[in-house]
Amino acid sequence: MSNVYVVFTYNKNRCSGTREKIIGTYLNLDEAINRVQTYGETPYKYSPGVYYSKDGFVTFINELPLGTSTGIDLFSTRVDF
């Protein structure tokens, strides 16, 4: 079964409105990792699968099965890389 990789980001300095947003969906994990590693100002690895940037963005990947999916908690399927 194939997976889709959803790249999320949020700005930890923003306190109002919706903070989380999808910045890309990929069928290839390497492309998703590249997006995480290049988003924001001078991104750096904070912990497995999570990058921070100087301008306050936290970026990570969720891995989901490709196809119809229901009842998935997006923030519990993070990919550690």
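Buried residues make up 36% of the 81 residues in the protein chain, where buried means under 20% relative accessible area, exposed means over 50%, and partly exposed is in between (1.4 Å probe, protein chains only). Keep in mind that this is a predicted model: local features need pLDDT of at least 70, side-chain atom pairs count only at pLDDT 80 or more, and totals for chains, interfaces and linings use all residues. Residues are numbered from 1 along each chain as its sequence is written, and side-chain values use heavy atoms, with hydrogens and water left out.

Let's start with the layout. Helices (H or I, at least four residues) and strands (E, at least two) are DSSP runs, numbered from the N terminus. Of the contacts in the chain with a separation of 6 or more, 47% are between residues 24 or more positions apart; contact here means heavy atoms within 4.5 Å.

Now for the sheet. The five strands form an open sheet in the order S2-S1-S5-S4-S3, with antiparallel pairing; two strands pair if DSSP finds at least two bridges between them. S2 and S3 stand at the edges with a single partner strand each, so one side of each is left without a neighbour in the sheet. On average, and with direction ignored, neighbouring strands are turned by 30 degrees against each other. Axes are lines fitted to C-alpha atoms (for helices over the stretch in contact), and angles run from 0 to 180 degrees between N-to-C directions.

Within the sheet, S1 and S5 pair in the antiparallel sense over nine bridges, and tyrosine 10 has valine 58 in S5 as its bridge partner. H1 packs on the sheet and touches S1, S2, S4 and S5, its direction making about 165 degrees with that of S5. Over at S3 (residues 44-47) and S4 (residues 50-52), three bridges join the antiparallel strands. Serine 47 stands opposite valine 50 in S4. The hairpin of S3 and S4 has two residues between the strands, and glycine 49 takes a positive phi near 85 degrees there.

The largest one has 12 residues: Tyr5, Val7, Ile23, Tyr26, Ala32, Ile33, Val36, Tyr39, Tyr51, Phe57, Ile61 and Val79. Strand S1 (3-11), strand S2 (21-26), helix H1 (29-38) and strand S5 (57-65) each supply at least two residues of this core, and the largest share, three residues, comes from H1. A second, separate core of nine residues includes Val4, Phe8, Val50 and Leu64. As for valine 79, leaving aside neighbours within four places in sequence, this residue is in contact with Tyr5, Leu29, Gly49, Ile61, Asn62 and Glu63.

Glycine 24 lies in strand S2 and counts as buried at 12% relative accessibility. Not counting residues up to four places away in sequence, glycine 24 touches Tyr5, Val6 and Val7. The side chain of asparagine 11 reaches the backbone oxygen of aspartate 55 at 3.1 Å.

Finally, the rings. The structure holds four aromatic pairs: rings of Phe, Tyr and Trp (its six-membered ring) pair if their centres lie within 6.5 Å, and planes under 30 degrees apart count as stacked, over 60 as edge-to-face and the rest as tilted. Tyrosine 39 and phenylalanine 57 form an edge-to-face pair, 5.2 Å centre to centre with 80 degrees between the planes. This pair links distant parts of the chain, 18 residues apart, with tyrosine 39 in the loop between H1 and S3 and phenylalanine 57 in strand S5. Both tyrosine 39 and phenylalanine 57 are buried. Tyrosine 44 and tyrosine 52 are edge-to-face as well, at 6.2 Å and 75 degrees. Tyrosine 44 counts as partly exposed at 39% relative accessibility, whereas tyrosine 52 counts as buried at 17%. Tyr44, Tyr46 and Tyr52 form one aromatic cluster.

Notes
Core = buried A, V, L, I, M, F, W, Y, C linked by side-chain atoms within 4.5 Å. Polar contact = N/O pair within 3.5 Å; in protein donor to acceptor, adjacent residues only side chain to side chain.
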